Amino acid sequence: MSGNGLISSIRRLIHTEERMRRNTPSPFEQLRQQMNDVLGDGGILKEVVQPGEGPPVPQNASVLIHYSGFLEYSDRPFETTTNFKYPRMMKLGRDVTLAGLELGLLTMQKGEFSRFLLQPQYAYGEMGCPPFIPSSAVVLYEVQIIDFLDSGQVDDFITMSPEEQNTVSLSTLLEVVNTLRSFGNRCFNQSRYDNAKDRYKQALMLLGNRETPSDAEKEKIKIALLPLYLNLSLTELRLDSPHKALKYGNKALEIDAANTKALFRCGQAYLELHEYESAQGCLITAQAKKPFDSDINNLLRKVAICYKDSLDKQKDMYSKMFKGLKGPVKM
């Protein structure tokens, strides 16, 4: 056992002896009185500090949570995610390893903040987790659900063959695609652009595998493809791949030629490629649709400045070239 683990154990023993002499309830015993029994066996107790909204977390979901775990008589957590600006998405049944914590999460809603008191059989068991968790320890977890996604549905769908996927209703496919896009958006907002790209492309592949017998289905798939192309275009710009960004921007324009986001993305890509006339063409078309959009107008000014600088440099270069070609003046 490390020094910190030994000190914590000594402190807990001292606190326990003092409590027994005073015959007063321990902090966890006091907390237990205001908590609800989740399973009915006293193994997982819950107190809702801040209610959430919407449906509870589904089985096999992926959850975005902040959590901290505490031992009794300790004001410092033995583990926490609160020091991370962006906690990672955790999948139930795989990344959440404590049975009590996973069962507790399944009772929570988006935005909810709750406390869970877990008995050893739902936490670290008789062995504990030395040096930080002693044997047969009751632990307290404070948990906030930031968001969750029904990734179980995605997992089930992806394990199917393309033939089996085509037997599933289009509405189910679109739900899976929206979940993948939400995953991608979450990764993008955390600056994990490669992960975001993978999620968007996975959604594209599922839509591409769909055999669409009717025009109505084809139209719905086009509608689902459009935001994926736009997101991929922006992601490729963040990854410094303007050629790929332009490819996805143009695919979005094939679906909706007047889409200002697609025109703007293409304008950004053309600017990065130093194709200023093409950039101006896209942005002027976008500006005609949204004349007061500050992003479009600012980028259009930037393109104009870059275009002028490029022309000035070309003019200067040609001037020097022609000057060098002139022979000596004869008297």
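Ring pairs join Y67, F78, Y124 and Y141 into a cluster. Two rings of Phe, Tyr or Trp (its six-membered ring) pair if their centres lie within 6.5 Å; planes under 30 degrees apart are stacked, over 60 edge-to-face, and the rest tilted. This is a predicted model, where local features need pLDDT of at least 70, side-chain atom pairs count only at pLDDT 80 or more, and totals for chains, interfaces and linings use all residues. Residues are numbered from 1 along each chain as its sequence is written, and side-chain values use heavy atoms, with hydrogens and water left out.

The structure holds six aromatic pairs. Take Y67 and Y141: the ring centres are 6.2 Å apart and the planes stand at 45 degrees, so this pair is tilted. Y67 lies in strand β4 (residues 62-71) and Y141 in strand β9 (residues 139-149), 74 residues apart, so the pair links distant parts of the chain. Strands here are DSSP runs of E, at least two residues, and helices are runs of H or I, at least four, numbered from the N terminus. Both Y67 and Y141 are buried, meaning under 20% relative accessible area with a 1.4 Å probe and protein chains only; exposed is over 50%, and partly exposed is in between.

Next, F78 and Y124. Their ring centres are 6.0 Å apart with planes at 80 degrees, so the pair is edge-to-face. F78 sits in the loop between β4 and β5, Y124 in the loop between β8 and β9, 46 residues apart. F78 is partly exposed, at 21%.

Last, helix α8, residues 215-238, has 24 residues. After α8 comes D240, with a positive phi near 60 degrees.

Technical notes:
Expected span 1.5 Å × (residues − 1).
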